[in-house]
Amino acid sequence: MYLLHGEKRIAEIASRKVAGASQKELALQFYGENGLIAFVALVLGLSLAVLVHPFFTKMIDLPLSVSDMFTPIGIAMIFSILVILVLISGSYPSFYLSKIDLVSGLKGKHQHLSVNKFSKLVVLTQFFITVLLISAVVIIRAQINFMKEVPLGFNASNVTVVSNFSEQTARKAGTIKKELEKLPFIQSIGLSEHTMGGGCSGRGIALNSTDDMKSIKEYRVFPGFCETMQLKLKEGKFVTDSEKDKKSIVLNKAAAQMLGLHFSEGMQVIYKGEPVEVKGIVDNFYFDGYAGKTIDPLVLCREDGWAWNIYLRTFDKLTTENRKQLASVFSQFEPENVATYSQLDDIYDTKFERDQRLYRMVSAGAYLAIILCFVGMLSLTVMNVARRTKEIGIRKVIGSSEAEIVRKLLGETLLLVAIASLFAFGVSYYLMSEWLNNFALKINLHPGYFLISGMFALVIVLLSVSWQSWKAATRNPVEALRYE
């Protein structure tokens, strides 16, 4: 804005110089004006930051307080940025315009004044950042939606996890299971020491024919757990509660591949230092991660002692009455204990929270960039039209139509936007490719993602430039030729 404002004050600057004002005095005047504007903007910005603080805290899901922003270091950084901005923004009128030639300056002109390159640089920078952020938002959202569509490898719907009970209750899990099975809304029950979606133990495993012991993750589960989770059995059978299955295990597909195991009924492996039977192999499922992570080898070993987690598969969503019935069963074994009830699909949904937070932060940046880009383009268009008013009048006099003038004014901006977008596409492709490399399963980047951001940039140009260009093109050429 100081570019346009400065050009309109050339005559004033020249008059002040004639009256005896030095370049230093003019520079101090401009810096003072710019500093006042920047200070008011800072106060308004900080006020807005305080107002949107609750929304921002919720968006990034971090416990931030307003006082965190006004620490000594924070205040020092804010005022340092303010000083830097004042020095940069005030340098053009303070050092460039204050050197104007008095003769041309008194006529309101400056023969060496040329801000066209600077204006183009501003347009390029604004749209580069805007297109880069918009394409990042589009790609991050596409990746998150893609991962959410990847099957978990088991059925998490209508499964309630009962946990956070005492050791006394955990030791009675088998008895509690028998009581819970009497409830009519219960379809099946699975018990485990480990938490689905949480941590697990680690063990060593090897084929019977080799001493090559490999590290593997372990879930200790009761018979019926695999059926309740509806794991997909690829070969063999699930472990039962019969005595002969007491030392039996089930491997996931990743574990079988790691061992180079070819399944056959009754086959054994060395596990925990002794031979155990491999009852079956299940398809890979996300036992502790989500679609963005690789599924590690896992062994499901039979547990008959205690269980820290009880998984209830119900025919439908739990009602308030259902929860009361569950609480009544648990109170029989531990009246003062209050267990935690969680939905298994909610547990897995929270695994996307970090990616969702990144999406929200980049989205907020993109929205802000769009607003700033729109306002900046509007200001630059006003400046460009003001500087070219006489040129537009002459073009109309010699026969140029309104459409031709609009096309010329708009075409120059569109060319700059196209150049900025191409650079933004290249940088975005590189950055997003690096980000996607953090995921085991990822989308394929294709031109469509970048074209969407380019379309947004086009809309910004049309909204901010078209009206001012049309207004200038339809202006009476007589008024335009009187300009200056």
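This is a predicted model: local features need pLDDT of at least 70, side-chain atom pairs count only at pLDDT 80 or more; totals for chains, interfaces and linings use all residues.
To find the spot, select Val-221, Phe-222, Pro-223, Cys-226 and Val-239, which sit closest to the cavity's centre out of the 13 residues that line it. Next, colour helix H9 (225-229) and strand S9 (298-302), the elements that each give two or more residues to the lining.

Keep S9 on screen and go to the loop that joins strand S8 (274-282) to S9, where you'll find Gly-292. Is Gly-292 buried or exposed? It counts as buried, because its relative accessibility is 2%, and the cut-off for buried is under 20%. Now show what surrounds it: setting aside neighbours within four places in sequence, Gly-292 is in contact with Met-147, Asn-438, Phe-439 and Ala-440. Try the distance tool on Phe-439: its C-alpha atom is 4.5 Å from that of Gly-292, though the two residues are 147 apart along the chain.

Last stop: a pair of helices. Select H8 (residues 173-180) and H11 (residues 320-333), whose axes come within 10 Å and cross at roughly 145°. The crossing is right-handed. Which residues of H8 and H11 make the contact? On H8, show Thr-175, Ile-176, Glu-179 and Leu-180; on H11, show Leu-326, Val-329, Phe-330, Gln-332 and Phe-333. By class, the contact has six nonpolar, two polar and one charged residues.

Terms used: Residues are numbered from 1 along each chain as its sequence is written. Side-chain values use heavy atoms; hydrogens and water are left out. Axes are lines fitted to C-alpha atoms, for helices over the stretch in contact, and angles run from 0 to 180 degrees between N-to-C directions. Helices (H or I, at least four residues) and strands (E, at least two) are DSSP runs, numbered from the N terminus. A crossing is left-handed if the near helix is turned anticlockwise from the far one by less than a right angle, and right-handed if clockwise. Contact means heavy atoms within 4.5 Å. Ala, Val, Leu, Ile, Met, Phe, Trp, Tyr, Cys and Pro count as nonpolar, Asp, Glu, Lys and Arg as charged, and the others, Gly among them, as polar. On a 1 Å grid over the protein atoms alone, a cavity is a set of points where a 1.4 Å probe fits but cannot get out, and a pocket is an open set with protein on both sides within 12 Å along at least five of seven lines; lining residues have an atom within 4 Å of a point. Buried means under 20% relative accessible area, exposed over 50%, partly exposed in between (1.4 Å probe, protein chains only).
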